[in-house]
Amino acid sequence: MAKKFYVTTPIYYVNDKPHIGHAYTTIAADVLARYHRLAGEEVFFLTGTDEHGAKVAESAEAANKTPQEFCDENSAKFQMLWDRLDISNDAFIRTTSSYHQQGVAAFLNRLKEAGAIYEGEYQGLYCTGCENFITEKELVDGKCPNHDKAPQVIKEKNYFFKLKDYLPKVKELLDSGELKILPTSRHQEVLGLLRQGLDDFSISRQSVKWGIGLPFDNRQVTYVWVEALQNYITALGYGQIDEKFAKFWPADIHLMAKDIIKFHAIFWPAMLLAAGLEVPKVIFAHGFFTVDGQKMSKSLGNVIDPDALIDELGAEAVRYLLLSQFPFGADGDVKASNFVIQYNSDLANGVGNLVSRVLAMADKFLAGKTPDQDKEFADEMAGIWRQYREAMAAFQIDKAVEVIKKWQIFCDGYIERHKPWALAQTNNNQLAKVIYNLLEALRHLALMLYPIMPITADKILISLGQTDWQASSLPDLSRWGGLKAGTKVVKGEALFPRLEK
Ligand code: ME8
């Protein structure tokens, strides 16, 4: 039976349209999903939208819409962007869907039956921007530092989750590595939070109306974070259809940025333990984008709109450029003015130029017919694949991109050393060998590119006469010699025309 791989993104709030931070996480998840499918695994890739809570309700009111209308419109914006970016998600969950609501009721009932929920009185400062309580100590000039807004004082009857009862077990899972938090700096951060001590948290709201009623007290709605986390299981049919849940749970990786690590690394595993379910295997928190050195924010007017970027550079380039900005896991600054420069150097002059050069030479010197097999690169290629697989297995997408670049530069160097145009005058045997090696090298380059730029990869493979390559998986595809003698190869259009700017 094929190995399974379950990858998720956060479900994004629909209080606004998507920006490049959302696109970054989703593209990264898509790369992992595509890589694991290519490796022959059975993949379930989930993304979606988080639609309840005070923040969404307030934004809907400000827009003069009902919450549901507002959610429908904004959720569609995310789905449209993912279509434009060729995101290959297997499901798109909306927390206003009835199956999510039913799954949440089943999960909460289970927590209640397990004795993990009790009633209490709560008073605290609530920041709607964070959808979370905030302490006096965290305030700066009386305001939430993340949202620059004064929190509301909330006093109400709530239901609480006995978080403290499960913290020792969460710590044990972290120590044993059964629950991995990556990169390791984030693991340390989570241990720090545990050392500081955490209180039980309230799982319901009395004053908020836009949410899922508690199954055991419908005067209260479920706290938006509590039901949002459950999307990872309700999307698999938790509480209703067991088959998918049994097959794919636990998640192999929950991807997100560092802002929401506490909810995922502590609260979520604790709730799962209380419900007697397995915890996710890996929680990976990548860094935060800043733009030209500043936090991306509407008020600064520096939010990069992914749609505008796609209009300018094309979806494939946007996927590549976002992922190759900085190490996956680290914070990084994006300079919008660099995108065109990097497009020209990496894509137009790099991959694009190599592909068109090799195909043009095969066309000109050998009438587009693949020569007999040669094995000059077989060993190098195996080494490159090893590095690529290791990078992907460690979720180091930027390293996988580096490996691809290295291979492209190696091929450019090989052309310069062997000068096929000179061999065409003097040595046809040697010319045939060199062209075979280059064509086969392109096939491997395209396969490595596939998770990152799927359309580009497919175009290259089709030019190489590989129309049914998707029927095989990596163990076969990555073997040297897949390109058969006699296969017709054709020059395609330029993959990445140079941009003048
Ligand atoms: O937190 N740089 O939703 P959200 C990189 N609904 N990534 C960024 C980013 C930035 N500047 N800004 C946002 C929520 N992101 C909850 C999640 S999950 C059960 C519920 C990405 O719309 C990144 O993935 O605020 C971050 O974790 C996520 O968007 C937060 O999205």
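Me: Among contacts in the chain between residues at least 6 apart in sequence, what share joins residues at least 24 apart?
Reply: The model is predicted, and a contact here means heavy atoms within 4.5 Å. Counting starts with pairs at least 6 apart in sequence. Of these contacts, the share joining residues at least 24 apart is 78%.

Me: How many helices and strands does the chain have, and what is its radius of gyration?
Reply: The secondary structure comes to 19 helices and 16 strands. For 501 residues the globule rule gives 23 Å, and the chain is close to that value, so it is as compact as a globular protein of that length. Its radius of gyration is 26 Å.

Me: What percentage of the 501 residues is buried?
Reply: A residue counts as buried under 20% relative accessible area. Applied to the 501 residues of the chain, this gives a buried share of 56%.

Me: Is strand β2 largely enclosed or largely open, and how many of its residues are buried?
Reply: Strand β2 covers residues 42–50. It is largely enclosed by the rest of the structure, because the buried residues among its 9 number 8.

Me: Which residue in β2 stands opposite lysine 4?
Reply: Strand β1 spans residues 4–13 and pairs with β2 in the parallel sense over 8 bridges. The residue of β2 opposite lysine 4 is glutamate 42.

Me: How far apart are the mean positions of the positive and negative charges?
Reply: The chain carries 56 positive and 63 negative charges. Taking the mean position of each set, the separation is 3 Å.

Notes: Residues numbered from 1 in each chain as written. Predicted model: local features only at pLDDT ≥ 70, side-chain atom pairs only at ≥ 80, totals over all residues. Heavy atoms only, no water. Helix = DSSP H or I, 4+ residues; strand = E, 2+ residues; numbered from the N terminus. Rg over C-alpha atoms; globule rule 2.2 N^0.38 Å. Buried < 20%, exposed > 50% of the residue type's maximum accessible area, 1.4 Å probe, protein only. Lys, Arg positive; Asp, Glu negative; His and termini not counted. Charge placed at Lys NZ, Arg CZ, Asp CG, Glu CD. Pairing = 2+ DSSP bridges.
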